[in-house]
Amino acid sequence: MNIVVIDGQGGKLGAQIVKTVCGQFVEHSLTAVGTNSIATAQMLKAGAVRCATGENAVKVACARADVIIGPIGIVIADSMLGEVTPNMALYVSQSHAKRLLIPMNMCDNIVVGIDSVSPKDMLSDVTQKLRVIADEIGRCTCS
């Protein structure tokens with residue numbers, strides 16, 4: 001399974017995702033893509049081996065992904081203070097991959113109902129859902 005983690009700004013969430021996924025899904029391929037070099041560097045420090053930065057990296061990674069994980073802003077044009085270009089949001093949205101989007105109330109995008117959910121609980125939910133997706137892909141006999 002090809003897992004793509006996309007993050008921007010300081011890369012803190014992406015780094016947490018990379019640590020979690022690398023620790024629990026070692027048999028799968030992980031690619032970390034930052035919308036900027038700082039985010040990419042943080043995910044690299046967190047354990048990602050395959051890393052890239054920028055719009056074209058998002059395009060290529062999304063085309064090859066089975067699962068895309070990141071903050072909800074990766075599907076919203078001009079989010080993350082403008083780091084997510086309209087094309088980046090389009091590449092993520094039009095990918096055939098499953099998307100695990102983590103709700104974040106930032107940059108004028110408010111997701112209602114998440115105030116009581118901790119980041120730790122959200123990452124735990126990502127792990128559970130990724131395990132279900134991995135099992136589904138493993139059982140798939142079609143090509």
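A: A disulfide is counted here when a pair of cysteine sulfur atoms lies within 2.5 Å. In general terms, a disulfide is a covalent bond between the sulfur atoms of two cysteines. This structure holds 0 disulfides. The model is predicted, so local features need pLDDT of at least 70 and side-chain atom pairs count only at pLDDT 80 or more, while totals for chains, interfaces and linings use all residues. Residues are numbered from 1 along each chain as its sequence is written, and side-chain values use heavy atoms, leaving out hydrogens and water.

The cysteine sulfur closest to that of Cys22 belongs to Cys51; because 8.9 Å separates them, they are too far apart for a bond. Cys51, likewise, is in no disulfide. Accessibility places each residue in a class: buried is under 20% relative accessible area, exposed is over 50%, and partly exposed is in between, with a 1.4 Å probe and protein chains only. Cys22 is partly exposed, at 27%. Cys51 is also partly exposed, at 29%.

Along the sequence they follow the pattern β-α-β-α-β-α-β-α-β-α. Contact means heavy atoms within 4.5 Å; among contacts between residues at least 6 apart in sequence, 70% join residues at least 24 apart.

Notes:
Helices (H or I, at least four residues) and strands (E, at least two) are DSSP runs, numbered from the N terminus.
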